[in-house]
Amino acid sequence: MSQATAQNIPLSFYEEKSAYPGIFAWIFSTDHKRIGLLYMFTILSFFLFGMSMGFLIRLEKMFPGGQFFQPATYNALFTIHGVVMIFLFVIPGIPAVFGNFILPIQLGAEDVAFPRLNLLSWWLLVIGALVIFLSLFTGSKLPDTGWTFYAPYNTITTANIPMAVFGAFLVGFSSILTGLNFITTVHRLRAKGMTFFRMPLFAWSIYATAWIQILATPVVGITLLLVIAERFLGVGVFNPSKSGDPLMYQHLFWIYSHPAVYIMVLPAMGIVSDIIPTFCKKPIFGYKAIAFSSMSIAFIGYLVWGHHMFTSGMADLARVVFSFLTFFVAVPTAIKIFNWTATLYKGSIELRAPMLFALSFIFLFSIGGLTGVMLGTLNLDLHLHDTSFVVAHFHYTIFGGFGFALFGGIHYWFPKMFGKMYNETRAKWAWLLLFIGFNMTYFPLFLAGLEGMPRRYYDYLPKFAPYHFWSTIGSWIMISGILFMFGNLLHGLLRGEKADDNPWGGSTLEWQVPSPPPLVNFTTPPVVNKDPYDFSDILKKRNSSPTPQDQEDKGGQ
Amino acid sequence: MSAHAAELAVHEHKDYTGAKIGMWMFLFTEVLLFGGLFLLYAVYRAEYPQGFHQGGLHLDVFLGAINTIILLTSSLTMALSIAAIQRGQKGLAIFFLSFTILCGATFMVNKYFEWSKKIHHKIYPGSEALAKYVDNMVEEGKVPPQQKSGVLLFFSLYYLMTGLHGLHVLVGMIAMAFILRKLLKQPFVHHRWNPFQKQELQGCRLVLEDPNGQTIWKSETFDETVKHVDVEFQYYPAPKHVHPDDYVALENTGLYWHLVDLIWIFLFPLFYLIS
């Protein structure tokens with residue numbers, strides 16, 4: 001230790017002694033970096049599990065008619081795929097991983113506001129996940145309601161739905177505590193000089209997301225508790241045979257679950273907003289517009305849930321209003337897209353691995369977003385509702401949006417988190433496989449959906465066969481890309497070269513601390529006196545030790 | 001460097017404002033948790049006004065009103081308890097906090113009698129007797145047939161909402177009990193001197209003065225029978241000595257308790273006073 005301080009290099013948070021031995025040094029740690037990595041390991045395991053379910057779904061649908069599974073098993077497969085992916089992977093998602101690891105460092109803080117609460121939320125996620133997995137094996141059959149748990153089937157089916165929804169409730173509680181923690185962190189723990197408008201846009205997006213987490217999640221919490229009460233206490237607020245109204249379940253469910261898609265995608269947009277300026281070496285275009293658009297997406301996103309229920313039975317006026325508001329939410333999203341592309345304009349673009357993910361995010365999310373506007377169009381939705389068009393749209397926004405940004409974020413912050421570097425050439429190949437496979441898997445579903453292929457169906461008409469065939473082939477390419485990517489990252493983790501403190505030339509605070517960061521993040525509390533995407537110092541430093549390529553860039557400017 | 005060290009030390013202290021922000025966020029989530037139920041109530045009551053009217057006739061307004069008064073009083077004593085601790089009057093704070101817990105307990109006891117009376121009459125969700133009773137109401141023309149569901153929904157929501165509220169009262173009481181224990185465990189500041197030698201006591205007396213020099217109390221003159229004098233002070237700590245942990249915990253519990261009270265203020269008219 002004295003050796004390390006003599007050289008002025010503090011111990012990294014990995015090396016710092018913990019009060020607990022072995023694994024307990026992780027699962028009882030209140031350090032935000034360790035908790036972030038715990039979350040990463042946890043949710044990526046769930047992702048691989050959910051991905052296997054998705055693989056099986058696609059395999060079953062490769063050809064018309066039954067292939068490998070019974071119809072009932074197929075119903076369980078898409079239910080488990082949805083529940084695991086949504087509740088255990090995407091909802092905790094980026095806030096849990098990078099919100100924990102990166103956000104406090106970006107703000108110049110030592111930790112989040114409530115470290116113990118932070119650990120509790122990881123535990124709640126794990127316990128919730130265990131309860132969900134336990135529910136698979138404790139009913140008389142596997143859960144088969146779809147991830148939406150629609151009433152009244154949720155009280156009629158003999159699967160152990162009460163337990164599954166209780167697990168989802170715990171996961172929701174975890175999400176609430178995370179959001180509460182981040183809002184307080186942003187308000188209270190910003191470093192000296194770090195005004196709200198000097199926060200990196202990733203921090204802004206986490207802040208906006210945290211508000212949705214605390215303001216939307218309780219609604220689904222009570223809804224899921226009511227499902228349990230319906231089963232055990234004999235109340236009947238949703239079940240029509242007991243005088244309830246199943247439509248109310250849908251309303252309450254989507255009041256949360258639509259804002260929840262912004263819990264998924266807002267932090268993804270935050271990551272992209274951080275990656276793009278770093279690899280353009282240029283301040284982001286329209287900083288305030290992007291920051292405010294995050295907040296307005298969070299706000300408007302709260303008011304559009306009805307577009308999931310255009311065919312469920314609603315007053316015409318309500319449907320028109322919901323349709324209009326849905327169009328309206330596309331505006332701040334478009335503001336972001338235009339600002340990102342404007343940032344690229346005349347930037348010195350480096351196509352490094354994280355940048356590829358960020359750029360493909362813009363492409364894929366634009367497709368996902370614009371098809372979302374199509375689905376928000378009232379008359380078109382009556383045709384497209386519950387078709388595979390919706391499935392494709394959803395995967396383009398959530399996988400193409402959230403997924404690509406998460407992977408981009410992992411590639412971007414990998415050197416910071418682990419102090420090691422992965423093989424970048426392989427990372428680019430993995431990205432290419434993933435990108436091609438992704439489009440091949442989901443684009444045919446748009447076409448099939450336009451022609452009327454229903455979602456969640458076990459069997460289909462022969463005319464849809466080519467779409468499903470190519471989609472399944474695509475899923476294999478995509479999965480090999482994902483596995484290749486994880487293999488490369490794992491290899492980098494174990495055998496990678498030591499990474500610099502600032503390998504990409506990033507301007508935000510996390511690049512000013514050592515890789516991996518020391519336990520207290522900053523040995524001296526940082527004082528911020530410039531904008532988050534001010535690259536002038538970094539470019540000056542680069543130019544003082546010029547490489548041939550840098551000189552060229554300089555000549556170009 | 002020393003300035004930095006000082007700043008680091010400050011960071012390690014508990015962030016009072018942060019803790020309160022966190023609590024307010026949590027209260028927002030509580031409001032939305034109940035919000036889902038209030039939404040159901042609003043929709044179903046708009047749909048079945050007569051059914052809800054019939055349901056409301058079965059609630060005991062007197063008991064409900066008593067409980068409202070109890071909770072309102074408990075909110076007052078909660079606030080008084082916080083005010084007391086802000087002034088360093090720990091004993092008073094303990095008294096008011098105990099009184100608040102007592103109010104919560106009384107509320108729950110009333111609730112228990114209210115519920116068990118109803119359950120005794122077979123009025124509870126899913127009860128067949130209740131369904132039959134509602135059918136009778138329809139036959140007697142008290143409720144139009146299409147409003148029948150309203151009575152059943154009324155009781156479903158009545159049990160769900162007052163039940164969830166009761167659960168919150170219980171949680172609030174537990175939180176208060178924890179704070180109370182903390183307050184009781186925190187020792188009174190206590191000093192004991194024996195500063196006087198025997199021979200020096202002759203002909204003296206002990207006088208207690210306030211800061212202005214006014215005599216508050218004085219003892220008898222000491223004669224030769226006095227061997228020695230113990231002076232023992234027992235006083236409640238002044239505000240700056242109140243441990244901030246306890247203080248913000250009490251304040252946050254107070255916030256929670258006021259929310260529980262506030263929810264009841266809505267539940268009472270919406271269930272008891274609609275008929």
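Select B:Glu251. This residue is buried, with a relative accessible area of 12% (buried is under 20%, exposed over 50%, partly exposed in between, using a 1.4 Å probe and protein chains only). B:Lys20 sits in helix 2 (residues 16-47) of chain B and B:Glu251 in helix 9 (residues 244-272), 231 residues apart. Helices (H or I, at least four residues) and strands (E, at least two) are DSSP runs, numbered from the N terminus. B:Lys20 is partly exposed at 25%.

A word on the model: it is predicted, so local features need pLDDT of at least 70, side-chain atom pairs count only at pLDDT 80 or more, and totals for chains, interfaces and linings use all residues. Residues are numbered from 1 along each chain as its sequence is written, chains are lettered from A and ligands numbered from 1 in the order written, and side-chain values use heavy atoms, without hydrogens and water.

Show all of chain B. It has nine helices and four strands. Buried residues make up 42% of its 275 residues.

Next, display both chains. Here, 33 residues of chain A are in contact with 32 residues of chain B (contact means heavy atoms within 4.5 Å). On the chain A side, select helix 9 (161-188), helix 10 (201-232) and helix 11 (246-280); each gives two or more residues to the side that touches chain B. Helix 10 gives the most, with nine residues.

Move to A:Glu424 and A:Arg352. They form a salt bridge, with the closest N and O atoms 3.1 Å apart. A:Glu424 lies in helix 17 and A:Arg352 in the loop between helix 13 (316-344) and helix 14 (353-376), so the pair ties together parts 72 residues apart in sequence. A:Glu424 is buried at 16% relative accessibility, while A:Arg352 is partly exposed at 24%.

A:Ile436 is partly exposed, at 42% relative accessible area.

Last stop: A:Lys141 and A:Asp144. Their side chains meet in a salt bridge (3.0 Å, N to O). A:Lys141 is partly exposed at 34%, and A:Asp144 is buried at 13%.

Notes:
A salt bridge is a side-chain nitrogen of Lys or Arg within 4 Å of a carboxyl oxygen of Asp or Glu.
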